[in-house]
Amino acid sequence: MRGGTFCLAVFIGFQGAAVGQDQASADRAANVRTAFARAGHLRRGINASEWFAQSASDYSAARTNRYTADSDIALMAKLGFDNVRLSIDATPLEGWPHGADGLNSEFVGRLDKAVDAMLADGMAVTIDLHPEDSYKEKIRAGNEGVDRMVMLWRRLAAHFAARDAERVYFEIMNEPEVSDAYRWAGIQARVAAAIREAAPNNTIIATGPNYSDIADLLTQQPLADGNVIYNFHFYDPHEFTHQGAGWGQAWWSYTHGIPYPATESSMAELVKEVPDSAMRFQLERYWLDHWNAQRIRLTIDEAARWGTSNGVPLICNEFGAYREHSDEQSRMNWIRDVRTALEADGIGWAMWDYRGGFGVVWKQDGQAAKVDEKVVEALGLKH
């Protein structure tokens, strides 16, 4: 009889575990549906860059107040953008004076004003943790840097959790630059769990390792948390989008006027801009690889297939071409081809960026912005 009781207890235990698993699966499925619904608020976005991030030398109120004003936020909405990716550096968030939530109260007060203005103008907001290289280096180096980021996200998520969860999103980190995809997956899962504890209802935005390229996204498995949108960045081919840039590959700074799409005749003289033969070969490969609208579509299709096979929503929340040294019509061609490819695959987007080197407007600090009507047109928006 005792054996029968034992078997019954085991059966009941297995039955209870199965019920628990079924409930967890149902909960995850509901959360995935929430993520897909909220991805609908992120169809046509813009990056508010170099404002609360990428300016380690000056995060003063004097600078941020004149760099992007309420009138700029209103203009973003008027142009037809439905969401803003707000880049935020980690270091000033952790600075003094600390408020009750452990964050820099003065800096966060300015962030609150910006976020509330965006929400008031009808746009969704992605809180994008966008740290400097030194912060990322500590995360790559060991667990202490990871612990620091987890603590920061607990505070940041708790701070913004009181706002409309339908329209405030938490992006774990911009371009992690962690080369070990397995390590990044573990870090990301830990941070996502911390965010979820502090903000039960907000949608999380996750990414792949390294620079968040499509190839990086494909290394990842979806998180256990279902209320997640997965992002990737698209700047291919860099030989075109980063021509003339003073960062990244050293030889990019030599190049200018590279057309898109390229032909052999159009590139014959341009490859001579690069002095080193090995670097010239990298540039030459740009037109040998036949980058055009079809190539871009086929590349983005790979990301779409990953999303479909894993049953999760996607966003491309960075794409753009550096405008200082690029041919205007070629830049418009590229922006249009990327945007239409994303939309054909049902993927929302956020262009890089509002007023920076890839911008949709020209603007000087404290002055009214001048809209680049051709970019607006290439993005399929109206002004």
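So, what does the secondary structure of the chain come to? We have 15 helices and 10 strands. Keep in mind that this is a predicted model. Along its principal axes, the C-alpha trace spans about 90 × 45 × 40 Å. Of the 383 residues, 51% count as buried.

On to the core. The largest nonpolar core has 108 residues, and F234 and F319 are the ones touching the most other members. If you skip neighbours within four places in sequence, F234 is in contact with, among others, W291, I300, F319 and W334. There's also a second, separate core of eight residues, including A39, L42, Y169 and I229.

Now the helix I wanted to show you, α12, residues 277–288. With 12 residues at 1.5 Å a residue, α12 should span 16 Å, and its end C-alpha atoms are 16 Å apart, so that agrees. Which residues of α12 are buried? L283, Y286 and W287. These three cover an arc of only 90° around the axis, which puts them on the same side of α12. The buried residues of α12 pack against α10 and α11.

Last, the ends. D276 caps the N-terminal end of α12, with a side-chain oxygen 3.0 Å from the backbone nitrogen of A278. Just after α12, H290 takes a positive phi of about 55°.

Methods. Residues numbered from 1 in each chain as written. Predicted model: local features only at pLDDT ≥ 70, side-chain atom pairs only at ≥ 80, totals over all residues. Heavy atoms only, no water. Helix = DSSP H or I, 4+ residues; strand = E, 2+ residues; numbered from the N terminus. Expected span 1.5 Å × (residues − 1). Buried < 20%, exposed > 50% of the residue type's maximum accessible area, 1.4 Å probe, protein only. Arc of directions from axis to C-beta. Contact = heavy atoms within 4.5 Å. Polar contact = N/O pair within 3.5 Å; in protein donor to acceptor, adjacent residues only side chain to side chain. Core = buried A, V, L, I, M, F, W, Y, C linked by side-chain atoms within 4.5 Å.
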